[in-house]
Amino acid sequence: MGGQTARIARFIGVRLAVSAPVILGIVFLTFMLIRMGGQDPVAMLAGPMADEAMLNALRAQLQLDQPLLAQFANYMVRIAHGDLGVSWQGGIPVLNEIRHLFPATLELVLLSVALAALIGIPIGMRAATKPNGWFDQISRFVSLAGFSMPTYWMGLMAILVFFYILRWAPAPMGRLSMEVAAPAVVTGSILVDALLEANWRAMGSALAHLALPVACFTMLAAAPMIKQTRAIVIEIMGSDYVRYARANGFSAATVRRMALRNAATPLLTFLGSELTSLLAAAALIEYIFSLSGLGQWGLNAILLGDFAVVQGYVLTLALFSMAIFMVIDLIVMLIEPRN
Amino acid sequence: MLAMDKTKAQAWAHGFYVHAIGLTRRSPTFVAGLCMVLFFLGVAIFAGVIAPYSPTESFSYDILRAPSDRFIFGSDGNGMDVFSRVIYGCRYAFGIAVPAGLIMVGIGLPLGLIAGYKGGLLDEVLLRTLDVLRAFPTIILALAVVAATGQSLISMVVVIGVLDSPIFARVVRAEVLNLRASTFVKAAVAMGNPAWRVMVVHILPNAILGATAQLPMRMAWAVRISATLAFIGVGIQAPTPEWGAMIRQGAEYVITGEWWAALFPGLALMLLVLGFNLLGDGLTDILDPKRRGVGK
Amino acid sequence: MSLLTVDDLHVHFIARGLDNQLRTAKALNGVSFNVEKGQVLGLVGETGAGKSLTALALLGLLRPPAKVVQGQIRFKGQPLGLLDGHASQGMRGKSITLIPQSPKTSLDPTTRIGEQLIRMQREHGEASYAAAHARALEMLASVQIPDPAQRMQAWPHELSGGMAQRVLIAAGLINSPELVIADEPTTGLDLTVQAEVLDIFKRLVRANGMSAIIITHDLGIVAHYCDRMAVMFAGTIIEEGPVGKVFEEQKHPYTQNLIASTPKQIALHGFVGGVGSPPNLYDLPQGCVYKDRCSKAQSTCSTPVPLVRFGPDHQARCHHPDQGR
């Protein structure tokens with residue numbers, strides 16, 4: 001199996017080398033963009049009582065008076081040392097806060113994507129077996145309707161119905177009800193941490209708080225999944241080898257299994273890109289439901305012009321996206337015989 | 001003379017009717033989407049006639065009234081009629097989506113055409129840009145740029161149009177690549193047509209056909225993202241009757257049960273976006289060569 | 001009793017155009033032929049004549065919008081279900097098999113060759129994996145694939161076109177069917193490879209006493225590998241008979257045209273011309289379907305065409321068959 005390991009190592013190496021410039025480009029772009037906003041972070045930091053001299057001193061201290069490229073170079077050097085800077089709001093180190101908040105975002109996104117896949121893929125497959133039949137038309141329409149809903153609006157309506165009217169869901173404030181104690185932080189995900197502790201109360205509360213956001217997010221994520229699965233399966237079903245298999249009198253079950261094996265690669269690739277794009281969209285849901293995730297923090301930071309936070313947020317998303325793509329492509333490379 | 005005209009008109013109407021039925025059978029999604037989009041377009045155009053009040057007219061004694069005879073969709077936190085605001089919001093939706101769409105086509109079409117046909121450096125740059133965009137959360141990008149370039153409607157339109165262009169360019173490029181390998185293009189080249197002529201006369205019309213299905217989808221996205229940006233608080237200032245901004249205003253009242261200020265603009269938004277998506281979906285169906293004709 | 005009897009098969013495609021009108025394409029118009037045990041029949045015709053459709057009907061794979069308007073296919077005396085359904089499923093792949101076109105895309109890209117051959121057997125009742133494995137090896141050897149044990153592990157994309165086609169032949173014969181249908185078995189193959197592949201095919205079919213239908217537009221293949229031939233045009237069999245006799249006598253004008261259009265004949269006698277465009281299945285002429293392209297057409301050709309016999313096993317559908325030869 002030495003050859004296999006070598007292949008994997010080479011793949012990862014090449015992928016890292018190719019991704020580096022892209023990540024660099026993203027960081028650079030963000031760096032420049034956020035500084036175009038015309039917000040003056042120094043004024044924000046120093047507060048309303050500061051005078052000109054204090055502002056200048058602060059500016060010099062933060063190296064904000066240097067040319068942009070120099071600032072960027074400094075930033076890159078600091079990143080290399082693991083220092084992602086500090087938030088202007090309260091001086092919290094960005095790296096720490098990311099570690100603190102990212103698990104919440106991951107929790108939301110992973111749960112939603114898993115649910116969306118569990119629901120969406122079978123629906124897409126069934127729709128593909130009878131294209132333009134009634135099931136197909138209806139599922140397409142429903143999934144498009146779900147997809148066309150603005151996420152934040154869906155969240156608001158869900159809150160209205162399930163919290164205000166029905167009193168089923170808890171208040172959309174945070175990840176746990178106020179009276180419930182949080183479990184000890186191991187992974188950062190309340191669900192997982194509560195599970196590890198067998199803290200059922202916390203887990204129940206966390207689940208209750210996640211129910212609505214996950215439901216909304218799943219609706220959003222399911223639509224592309226249904227559409228793409230359908231397209232993939234239709235193409236496979238129309239292929240020469242499926243036709244041949246049918247001509248050979250293979251049972252429907254065998255043909256289905258064959259189709260699934262062939263669908264695995266394109267589906268996986270698609271799931272990867274869905275996951276990365278949904279990661280960014282999660283910010284809005286976090287915002288509405290106050291889930292204290294990374295997206296909510298990043299979103300606020302952009303509006304306020306909190307440079308380091310925005311850079312850290314974008315960097316995290318970009319790195320994570322690259323990682324997902326790499327893992328998916330690696331899996332595909334290993335299972336796909338055509339490589 | 002008049003009798004003849006009447007039968008001609010009748011014949012035309014009958015023909016139209018028959019084709020409409022045929023089209024509906026062919027793709028009900030397309031027709032549904034088209035009707036929805038046209039409906040909203042009509043509302044946008046005739047807003048002045050349909051809306052009972054001016055969208056910015058505020059009734060200080062009628063804050064947060066539930067839907068009634070006077071205020072069909074109720075009144076919002078500033079005492080303005082939600083119904084009228086939703087109607088005028090159509091104008092903003094189209095006013096953003098259409099120019100943004102034009103910018104997107106204006107940039108994306110030549111970009112995709114040249115990149116696909118000539119290849120080389122431009123192509124590489126386009127692909128790398130797409131790579132970056134793929135990993136970069138677009139909404140964050142939009143947010144950052146709009147926040148940076150100023151809170152105005154125009155900057156929002158420009159940003160959305162520009163951000164959409166690479167995606168559109170990629171679709172165009174894919175079509176161009178296919179066409180470039182086709183026999184009739186090769187023949188045109190062999191006959192000595194200069195590159196620009198081949199691109200404009202031979203490739204362009206066919207590439208447009210394939211890329212057309214993308215257009216409604218992109219416009220759907222433009223409407224969505226402009227509303228999202230407005231919801232977050234950039235690009236549009238109150239009291240502009242833009243749907244996203246209206247949802248933002250209405251959001252704070254949802255928890256206390258005053259649902260109408262946020263529901264109706266969101267509903268309108270959803271229906272318009274859905275209309276565009278159905279249109280695009282249906283268009284892809286219709287233009288899909290596999291769907292044409294009868295099996296052998 | 002013939003092994004296979006196709007009896008006056010009419011298949012139409014019904015679809016609705018954009019103008020909401022129903023249009024019918026008459027794809028098969030009274031196709032009739034027999035295949036005896038141990039016989040190889042060549043089904044010839046230009047593209048669109050209905051050859052592949054006939055194969056689909058034989059396999060019971062017709063789906064809407066195809067509609068069987070009339071006719072029947074009987075296999076060993078029993079009628080076959082022509083539409084895609086369970087009735088004929090037992091036969092497909094076991095008693096009647098298909099060797100498809102485009103060998104490289106017909107194989108499942110995610111399964112190894114050996115596995116596919118084994119699957120072919122197990123789907124049709126072979127319970128023992130070991131037995132299936134052994135037979136698969138055997139078949140690979142008989143289609144002259146070098147180093148069969150190694151090749152069992154190969155992926156389809158690793159094979160050349162010729163090898164893939166041979167694997168398909170192996171798959172088509174592995175369950176010892178009684179009738180094999182080879183649909184354009186040489187598309188996309190080099191000429192030398194074509195000959196090899198067809199030699200192997202014929203040898204195996206003969207050795208096992210199987211019957212075969214070779215669908216092709218290549219008259220050379222018909223001449224070399226088939227016992228009988230049936231010429232199709234616009235969904236009708238216009239001439240049928242032993243290969244030698246049909247080539248010699250060429251009773252139907254279309255047969256004559258076809259044979260005269262082969263490169264060799266053109267080289268010898270010059271271009272005959274008068275081929276014309278394919279018939280419009282939505283709008284077939286009254287009477288003889290070949291009428292609009294026929295150099296010998298007369299007014300009587302608009303009436304229903306009789307079946308004229310030239311001996312016990314040679315017949316043509318024509319008002320004015322060539323009596324001269």
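1. Chain A of this predicted model holds 13 helices and zero strands, where helices are DSSP runs of H or I with at least four residues and strands are E runs of at least two, numbered from the N terminus. Its C-alpha trace spans about 85 × 55 × 40 Å along the principal axes.

2. Of the 339 residues in chain A, 41% are buried, a residue being buried if 20 or more other C-beta atoms, placed from the backbone, lie within 10 Å of its own. Among the contacts in chain A that link residues at least 6 apart in sequence, 69% join residues at least 24 apart; a contact here requires C-beta atoms, placed from the backbone, within 7 Å.

3. Chain B has twelve helices and zero strands, and its C-alpha atoms fill a box of roughly 75 × 65 × 35 Å, taken along the principal axes. Buried residues account for 48% of its 296 residues, and 71% of the contacts in chain B with a separation of 6 or more are between residues 24 or more positions apart.

4. Between the chains, 34 residues of chain B are in contact with 32 residues of chain A. On the side of chain B that touches chain A, at least two residues each come from α5 (120-135), α6 (138-149), α10 (214-232), α11 (243-254) and α12 (260-287) of chain B, with the largest share, ten residues, coming from α12(B).

5. On numbering, residues are counted from 1 along each chain as its sequence is written, and chains are lettered from A in the order in which they are written. On confidence, local features need pLDDT of at least 70, whereas totals for chains and interfaces use all residues.

Conventions:
Predicted model: local features only at pLDDT ≥ 70, side-chain atom pairs only at ≥ 80, totals over all residues. Contact = placed C-beta atoms within 7 Å. Buried ≥ 20, exposed ≤ 12 C-beta atoms within 10 Å, placed from the backbone.
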